[in-house]
Amino acid sequence: MDIQKKQLLEFYQQMVTIRIFESRVCELFAAGQIPGFVHSSLGQEAIAAGVMACVEKDDKVGLHHRSHGEMIAKGADMNKMMAELFGKATGTCKGKGGSMHIADMDLGILGANGILGAGYAIATGAAFACQYNETKDIALCLFGDGQSNRGPFHESLNVAALWKLPIVFICENNGFGLSNPVKEHLATDCVSDRAAAYGIPGVTVDGNDVLAVYETTLEAVDRARKGNGPSLLEFTTWRWHGHFEGDPAVYKDAQEQEEWLKKDPIPRFAKQLLEQKNATQAELDEMQAKGEALVDAAVKFAEESPWPDVSELFTDVYDRQM
Amino acid sequence: MQMTYAEAIRDAMRVELKRDPKVYLAGEDIGVFGGCFGVTAGLLDEFGPKRIVDTPISENFIVGHAVGSSACGLRPIVEIMFNDFIAVCFDEMCNQAAKVRYMFGGKADVGMVLRMPIGAGIGAAAQHSQSLEGLLTHIPGLISVIPSTPADAKGLLISAIRDDNPVIFYEHKQMYGMPGEVPEGDYTIPIGKADIKREGSDVTIVTWSWMVQKSLAAAEKLAAEGINAEVLDPRTLIPLDKEAILKSVAKTGKLVIVHEEVKTSGFGGEIAAIVSEEGFDYLDAPIKRVAAPDTPIPFSPALEQAYIPSEEKIIEAVKALF
């Protein structure tokens, strides 16, 4: 596939920006500045960058609990995102959602979800709306390998295939459902093996290769947009950190972790860009600096933002005061 | 015009299907079969399969997809065949539909209606007969509507469909064949307004759904014995018309609450607590509750009849206050 240089550089920019954002979030959490739960997507940046490059603003995206990267890659305002993680009034969701429930309906982002496996039916409902409204919009449903074992997976994929809904199901297989390694929670070798049960395409691809992620997703998105129904994609990757920040991940094999860290998607793609002369080191450094500046600004914005007024506790329960 | 409770519900859906192209129905066997109780009979012929959508047996999907499609601007009316099955898809109501608006900082409307039949008396035993209307009143973000007459069913259902919040609409299967006068065409009843079904001065009976009919029959017998009971139907449990209840108790000085839910943690306990907190001085006798016993619903007709709150039990409870 001939990908324009602009797009290649965009992949890199997205990946480094997400890496910087997530690293900073982990630091801020450890320092006690971010409350609650944080599930870091460090190491999974190529999936967010590759997948979100395939969709348009009006396309719908259902996310999970480890989705800061996808939010950023879909175009969410990082200042508001960081403020949301802090619980500030200026946050994407006015500080009421936090990391696990961050959403931006203006960008078609139907929300992260704290209930693993609850996103399938919601995203499939969004795809139903796209088909009902006869637009060319599609929906993406992202999820982890662990949550692929929830019952709504089956219900939603069955209906999506049955009704040829414009949706792409994307599994980020990062090796673990919390502490449980894939080989101990999955009956088949791959999550994508299950596609056969619904008569839809299913494929497993290296999720640390941004170009492979992009090309695979693009094909599935094109299929959905043309009215040919859903696909089940699985991108293999590795969760660098524990399930949540603060989880020491004692269940991980040290050697395996070491091997996966060497497969870091960012230097790998940087090497490709340099070797194929699609970017100079100076350009890469510039993108790194841009990412740093964006995240610095986001942290500053979040730190300086006010807490929500206590009256906000009572708003948005319904569309009106009851 | 005269129509049954089931016909009134169907008429409300027809009015809205005609008025708003975003309105559609989804559920199990609601198309050719016309719904398990015939409520949607004929709608498939009239509106076609795009608007009247038969789903597989997939309750997680049915309710979850409505969260997604309504957040994307459609107006789904979904049916769960029996109220008991809410247990299968509780997450979709409790953690998704109810919370999306709040978690997203007010940026999503979940304008969906969930219709469910409640009630015992047809020999359907423990898993197809429950009245669980109190259960979801504990989850802020949901509206609970529970009509007791054909006219109320129509007027409240149209209001529910037009509401931008998730509304649960409880239909009692004993009343589907009950006739009544129903206004034609566009007819709405505001959500959150109680209705006094029988004026009285000696005791207030707060009751809903089928128990309104039983309480009205009991009130006639009580009248013959010189006790003039007021029968107040809140019609919606959330929001609850507290003012109307307190006003009636202020007039009568006595309160009996009648519902078909089991007594423990039934919504009657909430009403009793409200009146104790805010209307204690109006009372000149203890509050009484008439409810189903704390048992599963038995199969044998001999046992089932003993389970359902009866006119005699209502009369007995009222008389105990004098």
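**A close look at the salt bridges**

Mentor: Let's start with A:R19, which forms a salt bridge with A:E45, their closest N and O atoms lying 2.6 Å apart. By salt bridge I mean a side-chain nitrogen of Lys or Arg within 4 Å of a carboxyl oxygen of Asp or Glu. Helices (H or I, at least four residues) and strands (E, at least two) are DSSP runs, numbered from the N terminus. Both A:R19 and A:E45 are buried. Here buried stands for under 20% relative accessible area, exposed for over 50%, and partly exposed for in between (1.4 Å probe, protein chains only).

Before going on, a word on what you're looking at: this is a predicted model, where local features need pLDDT of at least 70 and side-chain atom pairs count only at pLDDT 80 or more, while totals for chains, interfaces and linings use all residues. Residues are numbered from 1 along each chain as its sequence is written, chains are lettered from A and ligands numbered from 1 in the order in which they are written, and side-chain values use heavy atoms, with hydrogens and water left out.

The side chains of B:K50 and A:E134 meet in a salt bridge at 3.3 Å, N to O. This one crosses between chains: B:K50 sits in the loop between α2 (43–47) and β3 (52–54) of chain B, and A:E134 in the loop between α5 (119–132) and β2 (139–144) of chain A. B:K50 has 38% relative accessibility, so it counts as partly exposed. A:E134 comes out at 66%, so it counts as exposed.

Next, look within a helix. A:K300 and A:E304 join their side chains in a salt bridge of 3.2 Å, N to O. Because they are 4 residues apart in helix α12 (residues 281–304) of chain A, about one helical turn separates A:K300 and A:E304. A:E304 is exposed, its relative accessible area being 57%. Over in chain B, salt bridges with shared partners join B:D11, B:R14, B:K18, B:E46 and B:K154 into one network. Over all chains, the structure holds 40 salt bridges.

So much for the pairs; now the chains around them. Chain A has 12 helices and 7 strands. The C-alpha trace of chain A spans about 60 × 50 × 40 Å along its principal axes, and 59% of the 322 residues in chain A are buried. Of the contacts in chain A with a separation of 6 or more, 74% are between residues 24 or more positions apart; a contact means heavy atoms within 4.5 Å.

Two residues of chain A show what being buried looks like. A:K74 is in the loop between α3 (68–73) and α4 (78–86) of chain A, and with 11% relative accessibility it counts as buried. Leaving out residues up to four places away in sequence, A:K74 touches several others, among them A:M52, A:E56, A:D59 and A:L107. A:H39 lies in the loop between α1 and α2 of chain A, and at 4% relative accessibility A:H39 counts as buried too. Leaving out residues up to four places away in sequence, the residues that A:H39 touches include A:E22, A:H65, A:H68 and A:H243.

Chain B comes to 11 helices and 14 strands. Its radius of gyration of 19 Å is close to the 20 Å from the globule rule for 322 residues, so chain B is as compact as a globular protein of that length. The C-alpha trace of chain B spans about 60 × 45 × 40 Å along its principal axes. In chain B, 63% of the 322 residues count as buried. Among chain B contacts between residues at least 6 apart in sequence, 83% join residues at least 24 apart.

Technical notes
The radius of gyration is taken over C-alpha atoms; the globule rule is 2.2 Å times the number of residues to the power 0.38.
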